[in-house]
Amino acid sequence: MRAEASAEFDWWFRAAYPRIVRTVFLIVHDRGRAEEIGQDAFLELYRRWSTLQGYERPDAWVRRVAVQRAVKHVRRERMRGERERLVAVEEELSHLPDPDVARAVRTLSPMQRAAVVLHYWADEPVADIAADLGVSESTVKQHLFRARQRLAVLLREEVGDHVG
């Protein structure tokens, strides 16, 4: 890789890596796994950098890869059943601004969880979430609607109808 391209990749990595790891953590609830998924996604970006450096937002591409891998990981973990990592998850969740909401989000399906994390914590628009998850905007809105209904029951709160 040319020095100029390498410097540009380094800039994108430093700018986007913390946000992507935080987003992935909120989906997988495992700091180490989130870092691993983030690193793997950036490795894929690095391998394809000669093509992807021309994209307007390479960070959006790498976020999409990371989110898809995070959802896949959650599905695999769910099939294996619950394990002893609950204590570590609780410790991480307790450091968030609203651990009760984070715990409730944890009960959602992987796609609903990803949609909620991206929309409400990462403040991403529905169109970008749809692109990240590889689904239509209406599917994202449906995931958000159902997630809000479930969260309202779990948190004993009312829910509105509006989705960005």
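I started at Gln112: skipping its neighbours within four places in sequence, I find it in contact with His143, Arg146 and Ala147 (contact means heavy atoms within 4.5 Å). Ground rules for my notes: this is a predicted model, where local features need pLDDT of at least 70 and side-chain atom pairs count only at pLDDT 80 or more, while totals for chains, interfaces and linings use all residues. Numbering runs from 1 along each chain as its sequence is written, and side-chain values use heavy atoms, with hydrogens and water left out.

Next I looked up how covered Gln112 is. Gln112 counts as buried because its relative accessibility is 13% (buried is under 20% relative accessible area, with a 1.4 Å probe and protein chains only).

Then I checked where Gln112 sits: in helix α7 (helices are DSSP runs of H or I, at least four residues, numbered from the N terminus). I took α7 (residues 110–121) against α9 (residues 137–155) and got an angle of about 95°, with the axes 9 Å apart (axes are lines fitted to C-alpha atoms over the stretch in contact, and angles run from 0 to 180 degrees between N-to-C directions). So α7 is roughly perpendicular to α9 (that label covers 65 to 115 degrees).

Who makes the contact? From α7 I list Met111, Gln112, Ala115, Val116, His119 and Tyr120; from α9, His143, Leu144, Arg146, Ala147 and Arg148.

Last, I zoomed out to the chain. I noted nine helices and zero strands. Of its 164 residues, 41% count as buried.

Technical notes:
Helices (H or I, at least four residues) and strands (E, at least two) are DSSP runs, numbered from the N terminus. Buried means under 20% relative accessible area, exposed over 50%, partly exposed in between (1.4 Å probe, protein chains only). Angles under 35 degrees count as roughly parallel, over 145 as roughly antiparallel, 65 to 115 as roughly perpendicular and the rest as oblique.
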